[in-house]
Number of protein chains: 2
Amino acid sequence: MRLLFVGFGTVGQGLAELLLEKKEILTKEFGLTWQTVGILDKKLGNVVAPEGLDLQEALTAAQNQKLLEGVRGERISGEATELISGLEADVLIEVTYTDIKTGEPAVTHIRQALEKGMHVVTTNKGPVALFYEELIDIARANNVHFLFEGTVMSGTPVLNLFRETLIGCEFQEIKGILNGTTNYILTRMEEGLSYEDALKKAQEFGYAEAVPDADVLGWDALAKVTILAKVVFGSRAKPFDFPCEGITSITSSAVVNALSRGKRFKLIGRVWRERNLVKAEVAPEEIDINHPLGSVMGATNALTILTDSLGEITVIGPGAGRRETGYSLLNDLLKIAREQAR
Amino acid sequence: MRLLFVGFGTVGQGLAELLLEKKEILTKEFGLTWQTVGILDKKLGNVVAPEGLDLQEALTAAQNQKLLEGVRGERISGEATELISGLEADVLIEVTYTDIKTGEPAVTHIRQALEKGMHVVTTNKGPVALFYEELIDIARANNVHFLFEGTVMSGTPVLNLFRETLIGCEFQEIKGILNGTTNYILTRMEEGLSYEDALKKAQEFGYAEAVPDADVLGWDALAKVTILAKVVFGSRAKPFDFPCEGITSITSSAVVNALSRGKRFKLIGRVWRERNLVKAEVAPEEIDINHPLGSVMGATNALTILTDSLGEITVIGPGAGRRETGYSLLNDLLKIAREQAR
């Protein structure tokens with residue numbers, strides 16, 4: 001399986017680590033042998049090697065914040081959007097930054113790769129939340145996979161859970177904590193910190209960006225909810241078709257007051273079916289502390305799934321992290337390898 | 001897919017309900033068409049029909065506590081252990097009672113069916129906890145499936161989660177609440193009820209048996225832990241090879257005292273690897289109320305899985321129930337159908 005990385009930041013490096021660590025077991029247990037035929041990164045530069053480059057060498061260079069220049073292979077210049085069509089690979093690993101308003105440049109990368117007959121795996125929410133229908137159509141027409149397990153709960157494989165594990169269940173409602181940053185802020189506010197101070201803490205620990213809008217206004221959760229609405233319920237809506245409220249107007253006194261009544265404020269993303277309509281929303285909600293979602297603290301994520309056959313199932317797991325998000329891509333790659341082995 | 005039910009109590013009926021309700025979707029979405037070629041039940045009697053009997057008719061008879069006598073088909077007498085080898089079916093659904101000490105008569109039913117080339121799906125813990133290695137060998141030799149999703153967490157498909165969803169992860173430790181009865185008793189003891197009174201309540205609500213030993217002494221959780229040790233960690237141990245302590249010596253004052261310190265007593269089953277050894281145990285443990293396992297109340301079950309790539313993942317779901325346990329068998333049947341479609 002010839003891999004082409006587009007983007008080689010935290011998530012791409014997380015996947016590279018796992019690929020190297022698990023190399024033997026991947027071959028032995030899952031029949032997955034891989035080589036890296038290229039890495040295209042805006043900051044680190046572009047290197048390609050049709051016979052396979054040394055991924056450990058590239059990883060070390062990237063982790064030392066060095067350009068990929070020292071890595072053996074052919075150096076090429078230009079933007080990924082102009083290069084992908086000219087390269088040969090089996091799988092494009094799209095892990096550039098997320099733009100939830102336009103999906104660019106990731107959606108262009110993905111479109112080109114699928115049209116060229118490459119499978120695509122990505123953790124990039126923008127393209128899926130905005131262009132899922134178009135991209136899945138291109139993938140089908142070219143008989144390749146377009147997989148994005150990491151877009152909803154990072155490494156916690158919830159899409160796989162819906163598609164494979166809970167097979168035969170009818171899904172009635174999905175609700176959960178899909179943004180670790182806001183959950184961290186709300187957790188700190190229980191200690192009496194103001195919203196502003198809790199946000200500062202989140203920024204200090206690297207949970208929140210300098211411009212935290214995508215998290216605190218609920219957009220990140222909204223993109224994830226939209227992906228669930230599409231994949232699980234067949235909705236064709238776009239993110240901002242759904243109502244979305246963040247946590248910026250929640251005060252620490254409201255948080256502490258709720259706690260005294262056995263409740264916790266959580267930013268809840270929710271998708272459900274109402275007659276023939278798929279509805280969704282993101283909004284803060286008071287959750288009972290004895291409900292599984294009420295026990296989800298810090299940067300952890302969780303989903304509660306209401307099904308016809310099983311009642312409520314809750315899955316709690318990491319919603320971010322280098323290795324965790326990298327794992328979601330490995331999960332996608334193993335799915336491709338498994339299908340090919342059949 | 002010709003189905004042969006052995007046992008037609010709550011769980012068998014739960015599956016029958018789902019099969020009838022979902023008949024159309026099973027064919028359309030999963031290519032699964034089925035007919036029931038026989039039901040063998042100690043209490044209700046035996047009826048077989050090579051061309052397929054009316055499952056709705058049998059379900060109605062069973063739900064009205066009536067013998068299967070009114071159901072169209074051939075009446076046969078005798079024990080299932082003597083009948084299975086003479087019958088033709090594609091899948092044996094083994095849902096008789098569990099005997100965790102001998103596994104009988106279920107293990108005899110399963111052995112005969114596998115040897116005859118039938119797939120077997122079961123929710124019966126005894127045969128798996130005691131004879132997994134032998135039964136899986138017979139299944140392999142006969143090129144059929146032996147599936148038992150419902151044995152660990154009833155409808156919550158955790159075995160599927162280990163085998164399919166978390167593919168490529170290395171599992172380091174699994175711990176959880178695997179017995180709903182004891183969790184219900186401990187939950188009621190938080191309200192100040194004595195162990196005896198809480199047990200009485202559990203018996204009133206049908207959560208506990210008249211002789212509650214298998215639950216309160218931890219044996220049920222132990223069987224489940226043993227199955228996890230075998231399936232996930234490759235252990236060959238038998239249930240009583242592992243230490244096992246139940247909840248009978250926990251006092252309500254200890255429960256209330258723990259709660260005042262932010263802890264909850266839970267009966268925890270645990271499996272882990274220590275160097276090359278697989279260890280396991282069942283014992284009551286104080287769990288932090290802010291840990292996901294600490295939020296699991298009443299008859300609900302939960303597992304926390306420690307993995308190399310994802311840290312902790314927790315799954316919370318039903319651990320019992322007619323439809324829920326029935327669903328686990330449907331999940332197994334769909335797995336067989338899917339493999340056959342390939």
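How many helices and strands does the secondary structure of chain A come to? Chain A has 14 helices and twelve strands, where helices (H or I, at least four residues) and strands (E, at least two) are DSSP runs numbered from the N terminus. This is a predicted model, in which local features need pLDDT of at least 70 and side-chain atom pairs count only at pLDDT 80 or more, while totals for chains, interfaces and linings use all residues. Residues are numbered from 1 along each chain as its sequence is written, and chains are lettered from A and ligands numbered from 1 in the order in which they are written.

Along the principal axes, the C-alpha atoms of chain A fill a box of roughly 65 × 45 × 35 Å. The radius of gyration of chain A is 20 Å, which agrees with the value near 20 Å for a compact globule of 342 residues; the radius is taken over C-alpha atoms, and the globule rule is 2.2 Å times the number of residues to the power 0.38. Of the 342 residues in chain A, 55% are buried. Buried stands for 20 or more other C-beta atoms within 10 Å of a residue's own, exposed for 12 or fewer, and partly exposed for counts in between, with C-beta atoms placed from the backbone. Among the contacts in chain A with a separation of 6 or more, 71% join residues 24 or more positions apart; a contact requires C-beta atoms, placed from the backbone, within 7 Å.

The contact between the chains takes 34 residues from chain A and 34 residues from chain B. On the side of chain A that touches chain B, helix 8 (158-165), strand 12 (311-318) and helix 14 (322-341) each supply at least two residues. Strand 12 gives the largest share of that side, seven residues. Strand 12 of chain A also pairs with strand 12 (residues 311-318) of chain B, in the antiparallel sense over three bridges; pairing requires at least two DSSP bridges between two strands. Within this arrangement, A:Ile316 stands opposite B:Thr314.

Now to the interior of chain B. B:Val37 lies in strand 2 (residues 35-41) of chain B. Why is B:Val37 classed as buried? B:Val37 is buried because 23 other C-beta atoms lie within 10 Å. B:Leu4 is 33 residues away along the chain, yet its C-alpha atom is 5.6 Å from that of B:Val37. Leaving aside neighbours within four places in sequence, B:Ile93 is in contact with residues including B:Leu3, B:Leu4, B:Val121 and B:Leu329.

Note on methods. Two residues are in contact if their C-beta atoms, placed from the backbone, lie within 7 Å.
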